[in-house]
Amino acid sequence: MPRVSQDHLDARRRQILDGARACFARFGYEGATVRRLEEATGLSRGAIFHHFRDKESLFLALAEDDALRMAEVVAEQGLVQVMRDLLAPPDPEVVEHPADWLGTRLEVSRRLRTDPEFRARWAERSRQLTDATRQRLERQREAGNLRDDVDVDVLTSFLELVLEGLVSHLAMGLPADDLEPVLDLVEESVRRHRRSG
């Protein structure tokens, strides 16, 4: 029997994660049945669970994948850019849009509230975004771009709270067309203001 290449395994895993992301976003964790996951991924349950032990592991891998991608955006452009991406209209040229993260993020938030076991497993993974945000802010402070009258940990918490508020706002289906100036204000509030002299 021929061995399957690592590239093929990676592509299959990506196919499962992309399909599962859409399925969880549409139906929630409980509503994402195995049959719906099969339909969303175009694969059999055997193929899906060859790569992931169970639905819980699949969801956690998806949430980790999204957190890692968000952390990469944070490292390069900052947490406010993640928020801007959530507000941006989908680009038909791009297969995956950052707003697709919203469904996973909402489901993570719900499960954190209701599932102590998930909360314990997620705690260690959620540090990625916090660490990326803190490191970016420290680099900005060293470059003289970040206000120096507030501790970096406080600024990190502030930006994370704004992100959670934005996620809640979007989850409630409230209008988001006029939030760009709000994000400009958030960004401005962490910047260093040079006194003219």
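Domain bounds here come from an automatic or database domain assignment. For this protein, that assignment gives domain 1 (1–52) and domain 2 (54–190). A word on the source: this is a predicted model, where local features need pLDDT of at least 70, side-chain atom pairs count only at pLDDT 80 or more, and totals for chains, interfaces and linings use all residues. Residues are numbered from 1 along each chain as its sequence is written, and side-chain values use heavy atoms, with hydrogens and water left out.

Back to the two domains. Their C-alpha centres lie 25 Å apart. The contact (heavy atoms within 4.5 Å) takes 17 residues from domain 1 and 19 residues from domain 2. How much area is buried between domain 1 and domain 2? About 1500 Å², and carbon and sulfur atoms give 64% of it. Buried area is the accessible area (1.4 Å probe) that two parts lose on being put together, summed over both. Look at Arg21, Phe24 and Tyr29. These supply 47% of the area that domain 1 buries against domain 2, more than any other three residues.

Next, the UniProt record. An unreviewed entry lists residues 10–70 as "domain: HTH tetR-type". Such annotations may be inferred rather than shown by experiment; feature names are shortened, and positions follow the numbering used here. That span is 87% helix and 0% strand, with its end C-alpha atoms 20 Å apart. Helices (H or I, at least four residues) and strands (E, at least two) are DSSP runs, numbered from the N terminus.
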